[in-house]
Amino acid sequence: MDLETRLSDDDHQALKLWLRLLSCTTRVEDQVRQRLRAEFGTTLPRFDLLAQLERHPDGLTMRELSKRLMVTGGNVTGITDQLEAEGLVLRETRADDRRSFIVRLTPQGRRQFKRMAATHEGWIVELFAGWTPAQKTQVQDLLATLKTHLAQRDSQ
């Protein structure tokens, strides 16, 4: 059972679309979570933190990580502590602010993330294989229009 089971024929089309998007997103995310745990013994939040650091080779502050991951500082600290203990990230004191840290991937962390990211991409390709390339482009374009609309509403 998923979120769409709550719907009736009388519900607004926008509500039906929202729950369909949410149901699909939840199913894809659940698959990714299960596969990360089974194949790499890791979690999606850990993967996401490593992904952010991979995109920023000079490192990110704990505050920047928290903001980018949209989680509390405590969550980032706990994940960073685990990854540091495993030798995947390094936490360094900032020269300009000794109360703040820069977190970077270690060479081992970079290698491990590269393997995980390649496998992750394959999973996503597999999970979206039910659409043709043209359908994927169409959905991507439609969602881009929605994203623009939502951004305009946010700026009002």
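Which helix gives the most to the lining of the largest pocket? Helix 1 does, with 12 residues. Before we walk through the rest, a word on the model itself. It is a predicted model, in which local features need pLDDT of at least 70 and side-chain atom pairs count only at pLDDT 80 or more, while totals for chains, interfaces and linings use all residues. Residues are numbered from 1 along each chain as its sequence is written, and side-chain values use heavy atoms, with hydrogens and water left out.

Let us stay with the pockets for a moment. Rolling a probe the size of a water molecule over the atoms shows where empty space is left. Here a pocket is an open set of points on a 1 Å grid over the protein atoms alone, where a 1.4 Å probe fits and protein lies on both sides within 12 Å along at least five of seven lines; lining residues have an atom within 4 Å of a point. Grid points are joined across faces, edges and corners, and a volume is the space filled by probe spheres set on the points. The largest pocket has a volume of about 1100 Å³. It is lined by 25 residues, and Leu21, Cys24, Thr25, Phe128 and Leu143 are the closest to its centre. Two or more lining residues come from each of helix 1 (13-40), helix 5 (107-127) and helix 6 (133-154). Helices (H or I, at least four residues) and strands (E, at least two) are DSSP runs, numbered from the N terminus. By residue class, the lining divides into 16 nonpolar, five polar and four charged. In this scheme Ala, Val, Leu, Ile, Met, Phe, Trp, Tyr, Cys and Pro count as nonpolar, Asp, Glu, Lys and Arg as charged, and the others, Gly among them, as polar.

The second largest pocket has a volume of about 340 Å³. Its lining has 16 residues, with Leu44, Pro45, Phe47, Asp48 and Leu69 nearest its centre. Helix 2 (44-55), helix 3 (62-69), helix 4 (73-85) and helix 5 each give two or more residues to this lining, and helix 2 gives the most, with seven. Nine of the lining residues are nonpolar, three polar and four charged.

Take Leu49: leaving aside its neighbours within four places in sequence, Leu49 is in contact (heavy atoms within 4.5 Å) with Leu65, Leu69, Val76, Ile79, Thr80 and Leu83.

Three of them form an open sheet in the order 1-3-2, with antiparallel pairing. Strand 1 and strand 2 stand at the edges, each with a single partner strand, so one side of each is left without a neighbour in the sheet. Two strands pair if DSSP finds at least two bridges between them. Strand 1 (residues 60-61) is joined to strand 3 (residues 101-105) by two bridges, and Leu60 has Val103 as its bridge partner. Strand 2 (residues 89-93) pairs with strand 3 over five bridges, and there Arg91 stands opposite Val103.

Ser100 lies in the loop between strand 2 and strand 3. At 15% relative accessibility, Ser100 counts as buried; buried means under 20% relative accessible area, exposed over 50%, and partly exposed in between (1.4 Å probe, protein chains only). Beyond its neighbours within four places in sequence, Ser100 is in contact with Thr61, Glu92, Thr93 and Arg94. Arg33, in helix 1, is partly exposed, with a relative accessible area of 35%. With neighbours within four places in sequence set aside, Arg33 is in contact with Leu44 and Pro45. Arg6 sits in the segment before helix 1 and counts as exposed at 63% relative accessibility. From C-alpha to C-alpha, Arg6 and Leu19 are 9.1 Å apart in space and 13 residues apart in sequence, whereas Arg33 and Arg6 are 25 Å apart in space and 27 residues apart in sequence.
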